[in-house]
Amino acid sequence: MDLALRLGRRCAGLTAENPAVGCVIAHNISGRVEIVGRGWTQEGGRPHAERVALAEAGPLAREATAYVTLEPCSHTGKSSPCADALIEAGIARVVCAHPDPDRRVAGRGFEKLRSAGIAVDVGLMQERAHRDLGGFLSRTVRYRPWLQAKMAFSPDGMIGIEGQGNYPVTGALAKSRTYALRAQADAILVGCDTVLIDNPALTVRLPGLEARSPVRVVLDSKGRMPLETILVQTAENTPVWIVTTEQMPRDKANALKEKGCDILRVDATPEGHVNLKLALEAMAERGINTVFAECGAKLADEMLKAGLVDEFFLYQGAEQIGPNGLVALDGSPEKALFSAGFILEENCNMGQDKLKRFVRPQSLDALYGD
Ligand code: AOF
Ligand code: ZN
């Protein structure tokens, strides 16, 4: 199952709206356990993991055990059910980490297998599967994506210097880690202020992973997004969605569409901002499971206050910025996170910098549904 989970992670960020599932088929050949098939959900979500593993195992799947990170599907969607494929291949036992809450499956996968005489065990390494499949579970159970937020702070609680654009709070290793996180998400999210100040590309610039840049989403309530930005200029290559409100003028929306951007309109808050919850729901409707938000001060504050952040990547640079710096989260991000109910889950050094990863246990619990 550990291997199946790792195989599943290979396609994180490539399968939405489908989950990134892993599958290992192991055969007991004269007392020696041998792996005869390995599979993971393919790019775009199909074929499913089980099909890939079964294809590799061929006739050796007969009497073998299949380890799958998610309940095999039982519905005829864009392909026939994986449960049927496992039965037809003669699998003797299925060990599964996590049930599938998708209404079309929801236990029927296990039922199908059991009524064909297959032994089914559920729950092995479930907690890890719960995290790995968090995005899919979140969209399926909560109708919104799993929201990861990222911010970089100096030791004195600043995120940059006014008027100095993209201020390098952290170094090269932190940047690589951010690229990797971008690659594993289904969408990157920023506020329009970040675009106006930094003019970012928001792509994955790691050797060999350039093609894994997910859709880039900008929250732009009033339609301030300039046409000359890198994002708009590259929208034909890597998609750009602009989430806005009725306040974006029609001609501005048309000009952005002409450049290849998609416009999603949602209701505004009484203050005239994009309603964040509705923005996330609109993204989920388009099949986005996991969102990686690269926050400026305003977006971080609003998202935390709305209780929408599930996981927080807090980068800490080595150098003080001093009294002229831009303060965010009152200059005490950890305090803000702890008081919002987050716990510290990972703490590592990246050269001179530190990365602390926080999660909200409440968010993980919510993925089980009612
Ligand atoms: C599996 N193995 O590798 C994945 C599964 O639209 P379809 O037909 O591809 O079905 C999508 C649903 O199938 C999805 O919502 C989830 O319930 C399940 N995904 N199931 O057996 C896999 N990716
Ligand atoms: Zn399937």
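Start with the shell around ligand 1: its residues divide into seven nonpolar, five polar and seven charged (Ala, Val, Leu, Ile, Met, Phe, Trp, Tyr, Cys and Pro count as nonpolar, Asp, Glu, Lys and Arg as charged, the others, Gly among them, as polar). This is a predicted model, where local features need pLDDT of at least 70 and side-chain atom pairs pLDDT 80 or more, while totals for chains, interfaces and linings use all residues. Residues are numbered from 1 along each chain as its sequence is written, chains are lettered from A and ligands numbered from 1 in the order written, and side-chain values use heavy atoms, leaving out hydrogens and water.

Of the 19 residues around ligand 1 (a heavy atom within 4 Å), Arg46, Ala49, Glu50, Asp100 and Asp102 come nearest. Polar side-chain atoms also sit by ligand oxygens: His48 at 2.8 Å, Thr41 at 2.9 Å and Arg104 at 3.3 Å.

Now for the pockets (open sets of points on a 1 Å grid over the protein atoms alone, where a 1.4 Å probe fits, with protein on both sides within 12 Å along at least five of seven lines; lining residues have an atom within 4 Å of a point). The largest pocket is lined by 49 residues, with Thr194, Asp198, Glu294, Cys295 and Gly296 nearest its centre. That lining divides into 23 nonpolar, 13 polar and 13 charged residues.

As for the second largest pocket, 37 residues line it, and Arg9, Arg131, Asp132, Gln148 and Gln184 are the closest to its centre. Domain 1 (2-132) and domain 2 (143-366) both give residues to this lining, so the second largest pocket lies between them (domain bounds come from an automatic or database assignment).

Conventions:
Polar contact = N/O pair within 3.5 Å; in protein donor to acceptor, adjacent residues only side chain to side chain.
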